[in-house]
Amino acid sequence: MKRKLFLLGILLNGYTLTAQIKLTSKNIDAVIKEMTIEEKANMLVGYSFGKSYWGLPTNPDPNAGAIVLGAAGNTAKIDRFGIPHTVFADGPAGVHISEERLGDSKKYYCSGFPIGTLLASTWDTDLVHQVGIAFGSEVKEYGVDVILGPGMNLMRNPLCGRNFEYYSEDPFVSGFIAAAIIDGIQSNGVGVSPKHFAANNQEGNRTFNNVVVSQRVLRELYLKGFEIMVKKSQPWTIMSSYNFINGVYTQESKDLLTTVLRDEWGFKNMVITDWTNTRNTKAQVAAGNDLLAPGNAEQIKQITEGLKNGSISMADADRNLKRILEYVVKTPHFKGYEFSNNPDLKAHAEIIRKAAPDGMVLLKNDNGILPLNGTAKKAALFGHTSYHLYAGGSGSGDVNKPYVVDLVEGLKNAGFAIDEILTGVYSKYRDYAAQEAESEMGTFTSSSYFPRPRIKEPQMGVFTYTNAAERNEFAIVTVGRSSGEGSDRAFEDFNINDDEMDMLKKTYEAFHSKGKKVIVILNVGGVIDSSPVQQYSDAILLAWQPGMEAGNSIADVLTGKSSPSGKLTMTWPEKLSDIPSTKNFPNGFTWRDEIFVKQDEINKMPHLGETKYEEGLNVGYRYFQTAGKKVSYPFGFGMSYTKFEYSDAKIQIKNGIYTATVTVKNAGKYNGKEAVQLYVSAPKGKLDKPVYELKAFAKTKELKAGESQKLVLTFTNYDLASYDENQQAFVTDAGVYTARFAASADDIRQNVEFKAKAQKVQCQDVLKMK
Ligand code: BGC
């Protein structure tokens, strides 16, 4: 191999490459100096082995075997400098690689962790950090250097097909949860690539979509989470998104990738593109998009020629290269780490099982029917998802996991008897429905990459329900949804459809006529219309997509072995049309449209070529609380088996840091944890502001009945600032602010006034709306 490179070098350059320095963390500049233009170009472009994961033109090296099968990409290697390939694999719900190894029949699965939305719903940065540590150890032990995640775009609208990978409609939640998982993953000596930077808030036409958004809204909402995360965690890499912002591709935006990200926020590391084919290579290099991924031969050629004819600046290329090599020297591959291919999946399963209930949200619990008392043991399970839970979503965010514990298994493990007649009916129906779904998928059936169409519930007569009510002590109805990369959800996916209404209503009526209760499990990756579910249920548990231990985690909550302590990180509206962005959001654009409709036509379609963020700051609770508009469930909402009292709220100020404290008491009968939110209302100033905005949050440990804990929540003067476009600055007005210690955006428990000093943090006049 070395000899081939050597000969290639002579051919390409006409002279012999004699340099023999080997890369270390101390000689990066010297190595760059020694590199030929061709070598530089190779390193600046990602390396795809043979047939690429994405089917894009590749950069084939017949001598190289894939290091990790199914990984999304790699960096190039140069033997003469001792630069190895490094490996990027997808996340964010686990390590997304193939379970196969070349020449080995054994399967190497990765843990299926709960989706990002569930992790955020824990509001528990310590717990998310622990999950990150386990996750990072799988990254390392499977020979991966960087996990392509976490996903941290804001949930602008419930229909975004990738919301399940994301954290919240609020940038403070997104930023702090992202930082927690990143610190956990990176503590293993591997890296992350938080994505997709920035404003990639819809899947419809994601590679050509132009986001039209004001500087203020961009700074306060869509960039804020990334800003918090970068300042706290310095991820090894960041992934620039596919879309345009105000007419410029983010991957080609020096304003975004250099001025804001590096100059203003202090990001020191490598930026990689989301997986794109050739774009404007020259602009990408100039912008500070260090690595072009997944990489192809055309890009290498363009950089080589550009560097030779001067149209690409050598200084820019060297700067980018330096950041790539600074990354390389940190990686396990560079350090020669001998990965085991054998992470402790058993231990991780335990962590997953215990973590998931902390992010599950109890939405309803009439008469405290949950946790189930020890005598109700015979359960009738309705809804095809009861028999086949969704552990996560599809697309790059999927994971090849060893198993998913379904609800039947989970409940049986917990000692319940599951109605076998229904089990038989659903298993037959599922085979038939799966076939139907496959036939709808057409030629794409073999790919698990694409989201499957929604499977309708079986139409069953009233007697099926009344007989089941006769045979069993209670009913569980699961409503499921799965979505994934490349497609947005349609209105139908948000709504409860006729087949589901039929099932909910018939179950409720049959069981209630016998004085028996109905529990609804929502096994979803995003917001749905919960009103019909409220009408036909006694209890509702929003279980999200909880990872591979799904059925066990849900059973733990139902029995009270675990107490649900999740709270919503997004508003659940009464109607989709109540959300201001809905009128500027595509309705159910799918990967099929992307493949079969001509790009020119797509670009002309509403909210696809261009999406106007006309709602401004009116996103989520900022809108609903300010407008006083009713919702199904407010941001921050989540019940517990116990109840909590707040007292003694205080704020102290020292050196521009505000330390807020509040005592939380478990005033109920069960053990439980409480997530406390701190919203702040600003004094009236020049800018219009939401009535209050979240600035900090914290979660108690598990409190026993009667036990109290003093929580400490901190924020800074800068956190209070709003972005003033006239001054191009984050401005904190002087005056009296009100801190609101709350159980949800709609449940303020204590108010404390405090004074803030004026502050102005100057920014650059960039990313302007044209
Ligand atoms: C997705 C990214 C992913 C990358 C590599 C892209 O299509 O948007 O989230 O990390 O592919 O698989």
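Author: The largest cavity holds about 120 Å³ of space. A cavity here is a set of points on a 1 Å grid over the protein atoms alone where a 1.4 Å probe fits but cannot get out; grid points are joined across faces, edges and corners, and the volume is the space filled by probe spheres set on the points. This is a predicted model, in which local features need pLDDT of at least 70 and side-chain atom pairs count only at pLDDT 80 or more, while totals for chains, interfaces and linings use all residues. Residues are numbered from 1 along each chain as its sequence is written, and side-chain values use heavy atoms, with hydrogens and water left out.

Counting cavities of 30 Å³ or more, the structure has 8. Around the largest one are 15 lining residues (an atom within 4 Å of a point). Nearest its centre lie Met155, Pro158, Glu169, Val527 and Met570. The lining divides into 7 nonpolar, 6 polar and 2 charged residues. Here Ala, Val, Leu, Ile, Met, Phe, Trp, Tyr, Cys and Pro count as nonpolar, Asp, Glu, Lys and Arg as charged, and the others, Gly among them, as polar.

Now to the backbone. Gly149 and Pro150 are joined by a cis peptide bond with omega about 5 degrees. Pro150 sits in the loop between strand S3 (146-148) and helix H6 (171-186); helices (H or I, at least four residues) and strands (E, at least two) are DSSP runs numbered from the N terminus. Another cis peptide bond, with omega about 0 degrees, links Ala293 to Pro294, and Pro294 belongs to the loop between helix H10 (281-287) and H11.

Helix H11 itself spans residues 297-309 and contains Thr304. With a relative accessible area of 12%, Thr304 is buried (under 20%, with a 1.4 Å probe and protein chains only; exposed is over 50%, partly exposed in between). Its side chain reaches the backbone oxygen of Ile300 at 2.6 Å. Leaving aside residues up to four places away in sequence, Thr304 touches Ile37, Glu38 and Ala41, where contact means heavy atoms within 4.5 Å.

Two asparagines round out the tour. Asn341 has a positive phi of about 60 degrees although it is not a glycine; it lies in the loop between helix H13 (332-335) and helix H14 (345-359). Asn367 also has a positive phi, about 55 degrees, and is in the loop between strand S10 (361-365) and strand S11 (378-382). Asn341 is buried at 17% relative accessible area, whereas Asn367 counts as exposed at 75%.

Notes
1 Å grid on protein atoms, 1.4 Å probe; cavity = no way out; pocket = protein on both sides within 12 Å on 5 of 7 lines; lining within 4 Å. Polar contact = N/O pair within 3.5 Å; in protein donor to acceptor, adjacent residues only side chain to side chain.
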